Amino acid sequence: MESAKVIETLGLRKTFRDFWRRPVVEAVKGLDFSVRQGEVFGLLGPNGSGKSTTIKMLLGLLHPTAGEIRVLGAAPSDTRVKARIGYLPEVSHLHPFLTPRETLMYYASLFGMSHGVAARRTAELLTMVDLAHAADRAVGRFSKGMARRVGVAQALVNAPELLILDEPTSGLDPLGCREVKDLVRLLARNGVTVLMTSHLLADVEDVCDRVAILDRGVLRAEGQIADLLRKPDAVRFLVEGLSEEEASALRRELEARAGCRVQQDFPAMSLEAFFLQVVAQDGRLRTFEMAPFLQAEHVPGKGPA
Ligand SMILES: Nc1ncnc2c1ncn2[C@@H]1O[C@H](COP(=O)(O)OP(=O)(O)OP(=O)(O)O)[C@@H](O)[C@H]1O
Ligand SMILES: [Mg+2]
């Protein structure tokens, strides 16, 4: 059985108008896509292709010019639905004089959590995003990566069922990127649906199940990453433990059998894998566990029915 659609758009359009209501930019031009429960969905596209505009319409922050949107089975304007969504904006507007702890406590209070629950959740989130050591320093002086991590924690305050991340890895170093990606996969394994945008295609390839590519407001491609990237008429074998001579002999044999040229290369690890091997030897790359607070029954009004 296919899982439920968490996001569905039909003919979604957004035309920005000027003061005199003249159309200025057609940012999104008839977008149809859906995201299923537990999926990690990547929205890709060049600068100005309409990704953030689409996200803002899904969140009810912008009103579509035309088309339909269902998010968690309701219209984006439905406030009950907003409480079940976590959002990391492209640029987080953090109050520079507040500490991460105060920031998270504030958001927790907006979701109606008691002081005790909010304090526990804040502490666990700060540990999760590796900011416990800086929990009581003003965020105004934070590095880009630290500020981004406060934003990620903030998006998780309400144990969301749907997490919308606009460029979550921007400003993060490779270690931070890897951790955000691991966190996203962990959340997805626990049933959280994730919609994210990113310009770092390697990150998207690592973490997303399905992607859509937008270009000037139009959907140009959409599908499972493995299907989109598969070369339909090629096959690759990976053989370990052969000497160069043995490898060449095997290639010649294959060529004779197949009747065509066979390419031979020595697979390299990704630069990310190499970088992490160099800098994360001492166990600096943390592995995450699903903290109990991220399970929905701990959020007021979201317990099991
Ligand atoms: N509030 C606005 N008023 C007028 N035009 C806007 C507004 N917001 C976005 N646009 C325009 O809509 C288009 C799409 O912008 P959007 O921010 O959605 O792109 P994006 O895909 O998120 O780009 P990026 O990768 O740079 O974040 C752009 O041409 C942008 O200038
Ligand atoms: Mg954007």
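Where is Ala-159 found? Ala-159 sits in the loop between α5 and β6 (162-166), in a model that is predicted. Helices here are DSSP runs of H or I with at least four residues, and strands are runs of E with at least two, numbered from the N terminus.

A word on conventions: residues are numbered from 1 along each chain as its sequence is written. Because this is a predicted model, local features need pLDDT of at least 70.

Let us stay with Ala-159 for a moment. Its phi is near 45°, a positive value in a residue other than glycine. Most residues other than glycine have a negative phi. Ala-159 has 21 other C-beta atoms within 10 Å, so it is buried (20 or more other C-beta atoms within 10 Å mean buried, 12 or fewer exposed, and in between partly exposed, with C-beta atoms placed from the backbone).

Asp-130 also has a positive phi, of about 60°, and is not a glycine. You will find Asp-130 in the loop between α4 and α5 (144-155). Asp-130 counts as partly exposed because it has 17 C-beta neighbours inside 10 Å.

Now step back to the helix α4 (residues 115-128) and its partner α3 (residues 100-110): their axes come within 9 Å and cross at roughly 130°. The axes are lines fitted to C-alpha atoms over the stretch in contact, with angles from 0 to 180 degrees between N-to-C directions. That angle makes α3 oblique to α4 (under 35 degrees is roughly parallel, over 145 roughly antiparallel, 65 to 115 roughly perpendicular, and the rest oblique).

Technical notes:
Chains lettered and ligands numbered in written order. Predicted model: local features only at pLDDT ≥ 70, side-chain atom pairs only at ≥ 80, totals over all residues.
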